[in-house]
Amino acid sequence: MAPVKVFGPAGSTNVARVLVCLEEVGAEYELVDIDFPGKGHKRPDHLARNPFGQVPALQDGDLVLFESRAIAKYVLRKYKSEQVDLLREGSLEEAAMVDIWTEVETHQYHPALSPIVLECFIYPTLRGLLTNQRIVDESLEKAKKVLEIYEAHLSKHKYLAGDFVSFADLNHFACTFYLMDATPYASLFDSYPHVKAWWEDLMSRPSMKKLGASMTTRV
């Protein structure tokens with residue numbers, strides 16, 4: 001069976017969301033880089049994969065998918081096993097909790113933390129722009145409010161959906177990694193010990209160690 005192809009730079013947070021799921025299930029894959037500075041994501045061949053000109057896209061035989069969270073779920077469903085079941089769709093209650101905290105990441109966590117990563121790392125690195133400290137400060141205040149809720153929840157549960165690792169946790173990987181590794185604000189988690197313990201536990205996983213080791217040099 002030919003490996004699936006993932007199109008996009010490994011350092012992209014959305015690409016990393018897919019890659020960490022592929023690593024977790026042990027699937028064989030090929031990463032096909034897209035030249036962002038050269039506008040490779042806007043060229044006809046990539047627009048045929050993702051009409052919005054964004055990354056990632058995934059090709060599995062004749063099937064082509066885009067949108068990172070949808071791709072990640074496809075991967076987790078395709079390669080689900082007794083040993084690796086990260087969507088928990090065999091249990092209505094557990095699957096619902098995975099869905100809730102996946103949505104929380106999308107609508108609460110990512111919008112609060114990603115501007116910090118963009119302003120402190122992505123924009124200066126890729127575009128040579130100065131950090132807009134006002135945006136950072138505003139985002140830090142939003143992030144603190146979100147992290148207070150995470151802290152309360154993780155004081156009762158080891159992981160977001162319960163006492164098991166799920167896609168809800170993996171979904172937080174790339175943005176959090178960059179916040180902790182590539183911005184001056186890693187100490188933000190110090191005020192939230194259960195959140196910090198959760199993150200350190202996740203970063204001990206082989207999938208995240210492998211991807212984290214190279215992400216900052218491959219944005």
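The exercises below go through a sheet, a helix and some aromatic pairs in this predicted model.

**Exercise 1. Work out the order of the strands in the open sheet, and find which strands are at its edges.**

Solution. 
- Step 1: The open sheet has 4 strands in the order β2-β1-β3-β4, and its pairing is mixed.
- Step 2: Look for strands that pair on one side only; these are β2 (29-32) and β4 (63-66), the edge strands.
- Step 3: Going from one strand to the next, the twist averages 20 degrees.

**Exercise 2. Decide whether β1 and β2 run parallel or antiparallel, and do likewise for β3 and β4.**

Solution. 
- Step 1: Begin with β1 (residues 4-7), which is joined to β2 by 4 bridges; these two strands run parallel. As a landmark, Lys5 has Glu30 in β2 as its bridge partner.
- Step 2: Now turn to β3 (residues 57-60), which 4 bridges join to β4; here the strands run antiparallel. Your landmark for this pair is Asp60, whose bridge partner in β4 is Leu63.
- Step 3: Check the turn as well: the hairpin of β3 and β4 has 2 residues between the strands, and Gly61 takes a positive phi near 65 degrees.
- Step 4: Helix α1 (residues 13-25) lies across β1 and β2, and runs at about 155 degrees to β1.

**Exercise 3. Explain why the buried residues of helix α9 are on the same side of α9.**

Solution. 
- Step 1: List the buried residues of α9 (residues 206-215): Ser207, Met208, Leu211, Gly212 and Met215.
- Step 2: Around the axis they cover an arc of only 110 degrees, which is why they are on the same side of α9.
- Step 3: Ask what the buried residues of α9 pack against: α1, β2, α6 (167-170), α7 (173-182) and α8 (193-203).

**Exercise 4. Classify the aromatic pair of Tyr109 and Tyr150, and say which helices the pair ties together.**

Solution. 
- Step 1: The structure holds 7 aromatic pairs. In this one, the ring centres of Tyr109 and Tyr150 are 5.1 Å apart and the planes are at 40 degrees, so the pair is tilted.
- Step 2: Tyr109 lies in helix α4 (residues 92-127) and Tyr150 in helix α5 (residues 133-154), so the pair ties together parts 41 residues apart in sequence.
- Step 3: Check accessibility: Tyr109 counts as buried at 0%, and Tyr150 is buried with a relative accessible area of 1%.
- Step 4: Widen the view, and you will find ring pairs linking Trp101, Tyr109, Tyr150 and Trp198 into a cluster.

**Exercise 5. Now try the aromatic pair formed by Phe121 and Tyr178: how is it classified?**

Solution. 
- Step 1: With 5.1 Å centre to centre and 40 degrees between the planes, the pair of Phe121 and Tyr178 is tilted.
- Step 2: Phe121 lies in helix α4 and Tyr178 in helix α7, so the pair ties together parts that are 57 residues apart in sequence.
- Step 3: Phe121 counts as buried at 10% relative accessibility, and Tyr178 is buried at 0%.

Conventions
Residues are numbered from 1 along each chain as its sequence is written. This is a predicted model: local features need pLDDT of at least 70, side-chain atom pairs count only at pLDDT 80 or more; totals for chains, interfaces and linings use all residues. Side-chain values use heavy atoms; hydrogens and water are left out. Two strands pair if DSSP finds at least two bridges between them. Axes are lines fitted to C-alpha atoms, for helices over the stretch in contact, and angles run from 0 to 180 degrees between N-to-C directions. Contact means heavy atoms within 4.5 Å. Buried means under 20% relative accessible area, exposed over 50%, partly exposed in between (1.4 Å probe, protein chains only). The arc is that of the directions from the helix axis to the C-beta atoms. Rings of Phe, Tyr and Trp (its six-membered ring) pair if their centres lie within 6.5 Å; planes under 30 degrees apart count as stacked, over 60 as edge-to-face and the rest as tilted.
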